[in-house]
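Student: I would like a close look at one part of this model, namely its aromatic side chains. Please take them in one connected account.

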Amino acid sequence: MARAVTMFTGQWADMKLDDMAKTMKGFGFDGLELACWGDHFEVDRAVSEDDYCDKKREQLDKYDLGCWAISTHLCGQAVCDIIDERHKSILPESVWGDGDPASVNDRAAEAVKNAARAAQKFGVPVVNGFTGSSIWHLLYSFPPVPPKMIDDGFKLFADRWNPIMDVFGECGIKFGLEVHPTEIAFDIYSAEKALDAIGHREEFGFNFDPSHLLWQGIDPVEFIRYFPDRIYHVHIKDAITTLNGRTGILGSHIDFGDHRRGWNFRSPGHGGVNFEEIIRALNDIKYTGPLSIEWEDSGMDRLHGAEESCEFVRSIDFAPSDVAFDSAFDKEKQ
C-alpha cells in the first residue's frame, strides 16, 4: 500500500489553514504535517480548549485530509540554544517573554512538553522538531575545544530533554528530531552521540530529512541504515551542491537562493538526492509512515513546486516485493 503523501505547512504559515488545505487537496495530497505556528496548529489552545482538536480535525476532514504529525521546530530550537536576538523573530510571545535567556530556555521546554500533550489529544503519534544546541558554535575547533566542552553540551542536552521525553512517554508520543546543522545532532555520529546521551530512550528518534545530510557529503541512505529503528517520520526535500571553485560549502554568509552559495535547497527531484535508494532503504526498515514534503526552493514558484512535488513523490514511492524475482525458476513452486 502506498505511503501517504503530505505537505509540511511550516513554510506556508502565511496562508490560513483553510486556504492551505483546500489548495493542497487540489494538488492531490493525502494530508498535512501541521506546523505549530500561524493558525495551523496552536498548541496552547489545543491543550486548554476542550474542542480545539476536534474542530481542527473537522477542518481537515472537510477536504478529506489526514494528519500524522505536528511540528514544533521553532520552540524546540530554543530549548538548548544560547538565546540571542535572533530567537525573538521565531518564537511566540508567550515563550520569548522578557527575553531572559534562561527563562526562554525554560518556557521553550514547557512548550515542547505541551506539544506532546496536544498531539495526544489530536490523535497523532509523532511530534517533529529541533532541539537547539549550546555547542554548535564550537564546530570548528579553533581556538582548540577541550573534549569536556563537547561532553558538557551533550550533558546539557540530556538534562533539558529527558524531562521533556518523560512527558512524551506519559503521552505515548514519539519525538522526531530533524537532524540538521545548528542542532545537537547534525550528522550520523552526532546523532549517535545524542542517542547515547539520552539513554536511547524509545521516545526520542529522528525525522529523516535527506537534504541536510547531502550537502555535508553524507549519504542519506546510510543514515537510514544506521538508525533503522529510529526513523519516526520522513521529510522529502532535495538539495544541490554547486562547488565551482569559488563557492564554499559553508555558504559564505550568503542568503539561500543566491547562485554564489555552494549549496541550496531544491524542490524534490531537482537536486542531488537519490530518492529511489531512499525508498528502497525505507522499505527495508519497514517504514510505513507518511512521506512529508518540506518544500523549500528559492528559485521556483511554490504553488508550481508543491503540485509537481506531490506528483513526483507518488512516482518514486513503491512497495517492496513480496516474491523473489527468480522464484519462477523453482520447479517445486511451479
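Student: How many aromatic pairs does a search of the whole structure find?

Tutor: The search of the whole structure finds 20 aromatic pairs. Rings of Phe, Tyr and Trp (its six-membered ring) pair if their centres lie within 6.5 Å; planes under 30 degrees apart count as stacked, over 60 as edge-to-face and the rest as tilted. This is a predicted model, in which local features need pLDDT of at least 70 and side-chain atom pairs count only at pLDDT 80 or more, while totals for chains, interfaces and linings use all residues. Residues are numbered from 1 along each chain as its sequence is written, and side-chain values use heavy atoms, with hydrogens and water left out.

One of the pairs is F41 with F122, tilted, at 5.0 Å centre to centre and 45° between the planes. The two are 81 residues apart and link distant parts of the chain: F41 is in the loop between β2 (31-35) and α2 (43-48), F122 in helix α6 (residues 101-122). Helices (H or I, at least four residues) and strands (E, at least two) are DSSP runs, numbered from the N terminus. F41 is buried at 0% relative accessibility, and F122 is buried at 4%; buried means under 20% relative accessible area, exposed over 50%, partly exposed in between (1.4 Å probe, protein chains only).

Y189 and Y226 form an edge-to-face pair, because their planes are at 85°, with centres 6.3 Å apart. Y189 lies in helix α8 (residues 188-197) and Y226 in helix α10 (residues 220-226), 37 residues apart. Y189 is exposed at 61%, whereas Y226 is partly exposed at 36%. Both belong to a cluster linked by ring pairs, whose members include W161, F204 and F227.
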